[in-house]
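Please examine the structure shown below together with its sequence. The paragraphs that follow lead through it one topic at a time.

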Amino acid sequence: MRGLSPVLLLIAVREGRRRSCAPARVLLEQGLVSCEAYYSAFAEACDLQFLPGGSFRSCHSPAFPPPADFPGPLSIGRNADGEMIVALAPVPECLSRIRSQLLRSPQVRRRIRIVSPQALADAIRMADPAARLALTRPEMSARQALTRPQAAVVGGGLALFLAGLASSVGAAVLVASLAVTAVGMVPGVVRLAAGLRPARSPVPGPLPDLGPRGGARGGRLPLYSVLVPVYREARVIPALVRSLACFSYPRHRHEILFLLEADDPETRAALEPLLLPHMRILIVPPGTPRTKPRALCHGLNEARGELIAVFDGEDRPDPNQLHLAARRFAEVSTRVAALQAHLVIDHSSLRFFPRQFRFEYAALFDCLLPWLSSRGWPFPLGGTSNHFRREALEAVGGWDPHNVTEDADLAVRLVRGGYRLQTFASATYEEAPLGWGAWHRQRTRWLKGWLQVLLVTFRDPLRLAREIGRGQLLVIVLYLSGMVVTLAAHPLFMGLLVLYAAGLVRLETGTGWVVPSILCLAAASVVLSCGSTALSMAVGARRRGWRPSVVDMALIPVYWLAQSIAFYAAVLDIVRAPHRWAKTEHGVARRPGDLPMRESPRASSRARAPTRMRRCLAGILRRLTRRRHDLA
């Protein structure tokens, strides 16, 4: 063995004989030889090539994780002659056996590479596309929700507040109210500005001659891959396939991948008979966490497109959306990595939650996001109708399977990577949750994901400041923290105002200024939050040709309280089950294009009247014809 003294070798030989194992195993277990050094010497002794850790990757994703001591062979590519190359991490006891085998078959040498067991295990883990972000960039992954430094900061802040309460309750509450109001008012100011000076998403122009800038060569349309993760969605599959089949993009230039879980045979049975030649099913290998972004990671690994689009099971996108996105990508800089289409709720309802949800979407996608996009500021992507440049998506590590609001997380990482986001003028029609239960589960998951994004983003504030410009950093910091702070404080401020209105809290006279100040801060926060929401809802709804009623506007504070309840549920959920995905059931609402509503008896009688009349006229004509025949 290279570099070892004869004494150590003699000790290893004696210990190996006593334990009936190879001396090299003793050296490795005692730490006298590093794993990389031993397998490098092993390769040299066998006249084989050695590959250090990190210099190779598996050619495929294993369907199931192999055992921890898996020695290979693992396929890692092909040589110049097209032969498959495999990586081996043989146990020390098989050195003589391998050397004798190579003497009998020397042509096999060019297909074998020796690696260490740790390098082989790392390559196997990296073969799982859903594990790459956590392995290569653990600081960007939400696999660990709260780090120790963050926990220390949170604990220190809480201790400081409790110490302030112990010394002066009024002053501590006033300082906390001032900080909360200052941070929480930022999203309200942004919504107010977007409502007062609204902007529109750009309409892509005619498709130019696409060169390297647009991602295609020779003027051809870029190859598009559409990823559609579905789970227990058999009810909406017919409408989904019908909508996606209507894309005007040439079928030979785009593919549609339906990402299904292995334990969902119902959706697969509903989907298989409807598949068109450019559609295919990808079964996501079993694994954890069971989330939509994990399925998207596997879909990206199998997709062939230069541009990537994501749609949900209930989506009904504009048939020209892929064309419009390709045009927009060709017009803008290559630093624009993602385009967000407008999401629209396409069904009306008299219920509280679907009505508020419909106008909330209008405020967000038809008012706020276009305003942020027009100024080049970062914004949270929607969970669907996202269009990406593949190279940018892979550059930032793709989706994080551990984040349950993967769209907002990916938007932040794209901005940190030096990319920009834009909206464009195309719509995708969606379904709103109809009841409290469905709405609450969905909103809790969204807000839990926002908390994950906030924790991951601020793990290293100094690095964040280096990666993002001052303006964008300010927008991200204030918008992320402002939304969380607003939802946390809203019920407290509302309760304080209600108590004051009921006469249970009185203004102090004389030198008492703490309570009036807190009441003013609470009133300013609530009025700005609800007022800016109402303005952006009105502007967004007007662009869709809708008109919110006075009751809809008056119930906005109630909707904010419901969001605050979901926020506190998200805080509990991120502690108990940070990566649990609460699925939203689709196919419940009655949407345009679905089966017609049941008609009233009066309408049915009117619809049947022409039929009866035609039958009577046909009978009279038959009798007249028969009588004429008899007379003849």
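In this predicted model, a search of the whole structure finds 16 aromatic pairs. One of them joins Phe-352 and Phe-353: the ring centres lie 4.9 Å apart and the planes meet at 70 degrees, so the pair is edge-to-face. An angle over 60 degrees is what places a pair in that class. Phe-353 is buried, with a relative accessible area of 12%, whereas Phe-352, at 24%, is partly exposed. The limit that matters here is 20%, since a residue counts as buried under that value.

A further pair is formed by Phe-567 and Tyr-568, whose ring centres are 5.3 Å apart; the planes stand at 70 degrees, so this pair is edge-to-face. Phe-567 is buried, with a relative accessible area of 6%, while Tyr-568 is partly exposed at 37%. Ring pairs also build a cluster, which links Phe-352, Phe-353, Trp-436, Trp-439 and Tyr-559.

Aromatic rings also take part in another arrangement. Over the ring of Trp-546 sits the charged end of Arg-358, 3.8 Å from the ring centre. In the case of Arg-445, the charged end sits over the ring of Trp-581, at 4.1 Å from its centre.

Next, consider the protein as a whole. What does its secondary structure come to? There are 22 helices and 12 strands. Of the 632 residues in the protein, 48% are buried. The protein exposes about 31,300 Å², and 61% of this area is supplied by carbon and sulfur atoms. Among contacts with a separation of 6 or more, 78% are between residues 24 or more positions apart.

The strands can now be placed in sheets. Strands of a sheet pair through backbone hydrogen bonds, and the pairing is either parallel or antiparallel.

With β12 (residues 420-430), strand β10 runs parallel, and 8 bridges join the two. In one of the residue pairings, His-342 has Ala-427 of β12 as its bridge partner. With β11 (residues 386-389), strand β10 pairs in the antiparallel sense over 3 bridges, and Ala-338 stands opposite Phe-388 in β11.

β1 and β4 pair in the parallel sense over 2 bridges, and the bridge partner of Phe-50 in β4 is Ile-114.

Phe-50 leads on to Ser-116, as the two residues touch. Ser-116 lies in the loop between β4 (112-114) and α5 (117-127). Leaving aside residues up to four places away in sequence, Ser-116 touches Cys-35, Glu-36, Tyr-39, Phe-50 and Ala-89. Its relative accessibility is 1%, so Ser-116 counts as buried.

Two helices complete the account. An α-helix has 3.6 residues a turn, so residues three or four places apart point the same way. Why is helix α15 described as largely enclosed by the rest of the structure? The reason is that 11 of the 11 residues of α15 (residues 406-416) are buried. α15 is followed by Gly-418, which has a positive phi, near 90 degrees.

Helix α19 (residues 514-543) has 30 residues, and the distance from its first C-alpha to its last is 44 Å. This is close to the 44 Å expected at 1.5 Å a residue. After α19 comes Gly-545, whose phi is positive, near 80 degrees.

Methods. Residues numbered from 1 in each chain as written. Predicted model: local features only at pLDDT ≥ 70, side-chain atom pairs only at ≥ 80, totals over all residues. Heavy atoms only, no water. Helix = DSSP H or I, 4+ residues; strand = E, 2+ residues; numbered from the N terminus. Buried < 20%, exposed > 50% of the residue type's maximum accessible area, 1.4 Å probe, protein only. Contact = heavy atoms within 4.5 Å. Areas by Shrake-Rupley, 256 points an atom, 1.4 Å probe, with all protein chains shown as cover. Pairing = 2+ DSSP bridges. Phe/Tyr/Trp six-rings, centres within 6.5 Å; stacked < 30°, edge-to-face > 60°. Lys NZ or Arg CZ within 6 Å of the ring centre and 35° of its normal. Expected span 1.5 Å × (residues − 1).
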